[in-house]
Each structure stands twice: as C-alpha cells, then as structure tokens.
Amino acid sequence: MCIGTPSVLTVTSRTSRDADDRSKHMRIGILGTGAMARALGTAWVRAGHDIRIGGRDTEAASRAAQLTGATALGSLAEAAAHGDVILIAVPAGAAPQLAKELAPLLAGRTVIDCTVPMAPGEDGPALTTGGSTSVARLIAEAAPDAHVVKAFGLCHESIWSLDRPAFEGSPLAVPFCTDQPGAATRVTEIITSMQCTPLPCGGLDRAALLEATAVFAIGVWWSGAEARFAFPAPALAPGTIDD
C-alpha cells in the first residue's frame with residue numbers, strides 16, 4: 001500500500017524544484033555582439049535565461065543571436081529595454097558613452113560591466129584607466145540610476161563555453177563588485193545558474209582591483225606562464241599557521 005508514496009513525494013519535490021528554477025530565470029539584454037557577448041549569452045541561454053542580443057549592426061546581432069541560441073535580437077536600445085539585467089559587452093573605452101546614451105533605459109536595472117580596460121604597453125598589457133578609477137565607476141557616473149556590477153571580466157571567453165566550469169574539483173568562482181544589494185542578489189543567482197560560485201568582493205570602489213587583476217593575468221598568460229601559480233592556497237604550505 002505504501003509503494004506509491006515515495007514516487008508521489010519525489011514528483012512533488014521535483015515539480016517544486018523546477019518551479020523554483022523557473023522563478024530565477026531572468027530576462028537579460030546583452031549590449032554588444034563580440035566574443036564576450038556571444039560567450040556569456042551562450043552560457044545564459046544554456047542556464048535557461050531569456051536573452052535578447054542588441055547591436056548597432058543588425059547583421060552582427062543576428063549572427064550573435066544564432067550562435068548563442070538567443071530567441072530575440074534588435075538594437076542596443078531594444079536589448080536594454082528587454083532586460084531585468086543588462087550586460088555591457090562592448091570595448092571598454094566605449095562603455096561609459098554607451099551607458100550615457102542609454103541611461104534612461106538603464107535606470108533601475110542591474111547593469112553588468114564585463115569589460116577589461118587594456119592596451120598594449122612596453123612591459124605588457126596596461127590599464128587604460130591608469131588605475132585611478134574603473135570602467136564600472138565611469139558607467140555608474142554616466143548612468144547614475146543604474147545598479148552597476150563589475151563581473152565576468154577575469155576569465156577568457158572560452159571558459160564560458162564549458163557547461164559546468166570546474167577546475168581541480170571545484171566550481172569556478174566568479175568575483176563581482178557592486179554597491180547595490182538587489183543587484184548583488186541578481187548576479188549571485190545568474191552565477192549560480194551557471195553552476196559557478198559567487199564571490200562577492202565588496203563595493204564598486206573595488207572594481208578597479210578586478211580590472212587590474214584581469215590585466216595582470218592576461219599579461220602573464222601572454223608571456224606563456226600560468227597566473228594561478230602566483231596564488232597558491234596558504235593551506236597548501238606545510239606547517240603554515242593562518243594568522
């Protein structure tokens with residue numbers, strides 16, 4: 001008589017989990033059609049989010065939508081109007097001006113900046129901001145009512161092609177900076193939906209540190225070395241006492 005009971009409970013539990021998952025799916029507008037726009041767009045489509053790609057070039061937006069699996073495409077303004085969350089994935093130097101142009105549409109929305117302000121230098125890649133500010137801060141100043149988050153800029157776009165990014169047995173950690181609790185919640189949910197681990201790194205004043213770290217790591221990779229070898233876990237050192 002009790003044989004069917006576990007099955008009913010299992011179905012109910014699974015239905016509840018599916019409903020919870022659907023409730024966390026978001027509308028995301030992507031501004032840009034380049035490599036990072038396509039890579040993150042693909043990852044977010046895979047995670048079940050509703051993606052609209054926007055670009056100045058309609059043909060480029062169409063190609064990006066086909067490659068990512070996004071069901072909608074259009075202008076930059078249409079993508080900005082679509083999303084609960086907006087990704088700015090254009091060249092770093094163009095991002096603040098774009099934010100200014102779209103400021104009324106970005107108001108009240110979570111705006112993710114994944115750009116890396118980088119240019120070739122004598123000793124390798126260099127920050128174009130000089131380290132005194134961040135592109136994320138400039139975006140926030142250009143669109144003061146947007147809820148800006150710095151995230152997703154540390155990894156090469158190829159990482160987001162992985163279904164469940166994990167390395168040495170641990171899910172990929174995705175650092176982010178924001179001053180807005182609501183934006184932090186949304187980005188945390190997006191990162192979790194990608195099977196990654198959210199890594200809050202403080203307010204937007206710390207975004208410059210993430211940008212500098214990305215430029216440093218890129219320079220190391222370009223030299224043929226491994227950036228991760230510069231950051232071993234303290235617990236791996238024998239006899240270490242964590243002060």
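Visitor: Of the 243 residues of the protein, what percentage count as buried? Within that setting, where is the place of Thr68, and which residues is Thr68 in contact with, leaving aside its neighbours within four places in sequence?

Guide: This is a predicted model, in which local features need pLDDT of at least 70 and side-chain atom pairs count only at pLDDT 80 or more, while totals for chains, interfaces and linings use all residues. Residues are numbered from 1 along each chain as its sequence is written, and side-chain values use heavy atoms, with hydrogens and water left out.

Of the 243 residues, 40% count as buried (buried means under 20% relative accessible area, exposed over 50% and partly exposed in between, with a 1.4 Å probe and protein chains only). The secondary structure comes to 9 helices and 12 strands; these are DSSP runs numbered from the N terminus, helices being H or I of at least four residues and strands E of at least two. Among contacts (heavy atoms within 4.5 Å) with a separation of 6 or more, 69% are between residues 24 or more positions apart.

Thr68 has its place in helix α3, which spans residues 58-68. Because its relative accessible area is 5%, Thr68 counts as buried. The side chain of Thr68 has a polar atom 3.2 Å from the backbone oxygen of Ala65, and a polar atom of that side chain also lies 3.1 Å from the backbone nitrogen of Ala70. Leaving aside neighbours within four places in sequence, Thr68 is in contact with Ala37, Arg38, Gly41, Thr42, Val45 and Ile53.

Helix α2, residues 35-46, packs with α3 at an angle of about 40°, their axes being 8 Å apart. Axes here are lines fitted to C-alpha atoms, for helices over the stretch in contact, and angles run from 0 to 180 degrees between N-to-C directions. At that angle α2 is therefore oblique to α3, since under 35 degrees counts as roughly parallel, over 145 as roughly antiparallel, 65 to 115 as roughly perpendicular and the rest as oblique. Where the two helices meet, Ala37, Arg38, Gly41, Thr42 and Val45 in α2 face Ala64, Leu67 and Thr68 in α3.

Conventions
Polar contact = N/O pair within 3.5 Å; in protein donor to acceptor, adjacent residues only side chain to side chain.
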